[in-house]
Amino acid sequence: MARVSSTNAGLTLFLSNDSIDSHRLRWLIAEKAIESLRVVEVDPATRNEDLLVLNSRHELPTLAERGLVVSGTSIVSEYLDARHPYPNLVPAEPAGQARMRMMLKVMDQDLGAALQRSTGGAKAVNTALLTLDELLGRRKFMAGGSISMVDIYLLPLLWRVTAQGYKWPKGSETLHAYARRLSERPAFQQSLARRELT
C-alpha cells in the first residue's frame, strides 16, 4: 500500500476516532457533500505512520492536500469552507466573521467546559443552555437565516447534553426545539459515528 505524503496526498483528513471536533468536521463534510475527501480515523493513543509523515506532532485533526498540510479544527473547518464554498458557512463580511468567532468562543468556554466538568456540571450546563436559548431568540439558525459554522460547532455539543444524561432546563425550549430540528437534517444523521447513534 502506498504511503500518504505531503506531495502525493489527495484531500485527506485525519480525525480522532472519538472526539467532538471529529463530529463537527464529519457534519461539515456531510453538509457540504464533499465526496473527494478521504477520511482516516485515528486512535490518538496509537501512532499512525501516515499521519506522522505529514505531521510529526501527530496532531488531530490534520488535513493534507497536495503540498498543503494544516491542523486544528478551526483552521481545517475554514479551509474546507473556502475550498468547497457551497453552502458558505463563514460570513463574507469581517463583522460577521468576528461575531461568529465570538459566539464559537463563548460556546466552548461555557457549554463545552460545563460538559467536561466532573463536579457541579449540571448547574453550569443549565446556565449555558439558558444563555444560548436567549442568543438564539427567534432565529432559525444560531447566527441568522441560514446554517453557519456556529451551528456546525454547537449542535454536537447539544447532542451530548442529552447523551450525558443532563435535563434541559425550563426556559430552554426554543434551543431544545432547534437542536431537535437540526439533528434531523440528513447530513447531521450521516455525521453520527456508530457510538453516537446508541
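1. Let's start with confidence, since this is a predicted model. The score is pLDDT, the predictor's confidence in each residue, from 0 to 100. Among the elements of the protein chain, helix α7 has the highest mean pLDDT, 96, while helix α9 (residues 194–197) has the lowest, 56. Helices (H or I, at least four residues) and strands (E, at least two) are DSSP runs, numbered from the N terminus. Over the protein chain the mean pLDDT is 87, and 93% of the residues reach 70 or more.

2. Please take care with residues 1–8, where pLDDT stays under 50. The model has 17 contacts beyond four places in sequence for this stretch; contact means heavy atoms within 4.5 Å. Where pLDDT is low, the predicted coordinates should not be read in detail.

3. Two notes on how to read the values. Residues are numbered from 1 along each chain as its sequence is written, and side-chain values use heavy atoms, with hydrogens and water left out. Local features need pLDDT of at least 70 and side-chain atom pairs count only at pLDDT 80 or more, whereas totals for chains, interfaces and linings use all residues.

4. Now find the sheet. It is open, has 4 strands in the order β2-β1-β3-β4, and its pairing is mixed; two strands pair if DSSP finds at least two bridges between them. The edge strands, each pairing on one side only, are β2 (37–42) and β4 (68–71).

5. Which way does β1 run relative to β2? Strand β1 (residues 11–16) and β2 run parallel and are joined by 6 bridges, with T12 opposite R38 in β2. Helix α1 (residues 20–32) packs on the sheet, touching β1 and β2, and its direction makes about 145° with that of β1. For such angles, axes are lines fitted to C-alpha atoms, for helices over the stretch in contact, and angles run from 0 to 180 degrees between N-to-C directions.

6. Strand β3 (residues 62–65) is worth a look from both sides. T62 and A64 point one way, L63 and E65 the other, and all are buried. Buried means under 20% relative accessible area, exposed over 50%, and partly exposed in between (1.4 Å probe, protein chains only). β3 pairs with β1 in the antiparallel sense over 3 bridges, and with β4 in the antiparallel sense over 4 bridges. T62 is the bridge partner of F14 and also stands opposite S71 in β4.

7. Next, look at V76 in helix α3 (residues 73–83). V76 counts as buried because its relative accessibility is 0%. Leaving aside neighbours within four places in sequence, V76 is in contact with L13, L25, P61, L63, V70 and S71. V76 and L63 are 13 residues apart in sequence, and their C-alpha atoms are 6.5 Å apart in space.

8. Helix α5 (residues 121–136) is next. Its buried residues are G121, A124, V125, A128, L129, L132, D133 and L136, and they pack against α4 (94–116), α6 and α7. An α-helix has 3.6 residues a turn, so residues three or four places apart point the same way. Just after α5, G137 takes a positive phi of about 55°.

9. Finally, S172 sits in the loop between α6 (149–163) and α7 (173–183). Is S172 buried or exposed? S172 is buried, because its relative accessible area is 1%. A polar atom of its side chain lies 2.7 Å from the backbone oxygen of P169. Beyond its neighbours within four places in sequence, S172 is in contact with L129, L130 and D133.

Technical notes. Polar contact = N/O pair within 3.5 Å; in protein donor to acceptor, adjacent residues only side chain to side chain.
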